Amino acid sequence: MTALPGAHSAVAYLVFILGAQSLVLLPLGLKSLAPRQSAHLLEVATLWLERNNQVIVSVVSSVFGTFFLFKGITGLLG
């Protein structure tokens, strides 16, 4: 694996951090920009997540399970 030059590495790290934190920053930004409307939007999002919790967990678990199974098999064979 080739390392990135210093500046590119810092930019890649910042992009990663912003992407990872975007799920936290989005609701906070909504709350600060539109406090009244954000309460309704967050309530709707919470209800949707609660209603679809089983499907979300199943899909995420299947994706990670398939990935780790593939990595394990290729590691044993390669």
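Visitor: What pattern does the protein follow along the sequence?

Guide: The pattern is α-α-α, with three helices and zero strands. Helices (H or I, at least four residues) and strands (E, at least two) are DSSP runs, numbered from the N terminus. This is a predicted model, in which local features need pLDDT of at least 70, side-chain atom pairs count only at pLDDT 80 or more, and totals for chains, interfaces and linings use all residues. Residues are numbered from 1 along each chain as its sequence is written, and side-chain values use heavy atoms, without hydrogens and water.

Visitor: Why is S38 called buried?

Guide: Buried means under 20% relative accessible area, exposed over 50%, partly exposed in between (1.4 Å probe, protein chains only). S38 has 1%, so S38 is buried. S38 lies in helix α2 (residues 35–51). Of the 78 residues, 1% count as buried.

Visitor: Why is F68 called exposed, and why is F64 called partly exposed?

Guide: F68 has a relative accessible area of 53%, so F68 is exposed. F64 has 48%, so F64 is partly exposed.

Visitor: What makes the aromatic pair of F64 and F68 stacked?

Guide: Rings of Phe, Tyr and Trp (its six-membered ring) pair if their centres lie within 6.5 Å; planes under 30 degrees apart count as stacked, over 60 as edge-to-face and the rest as tilted. F64 and F68 are 6.2 Å centre to centre with 20° between the planes, and form a stacked pair.
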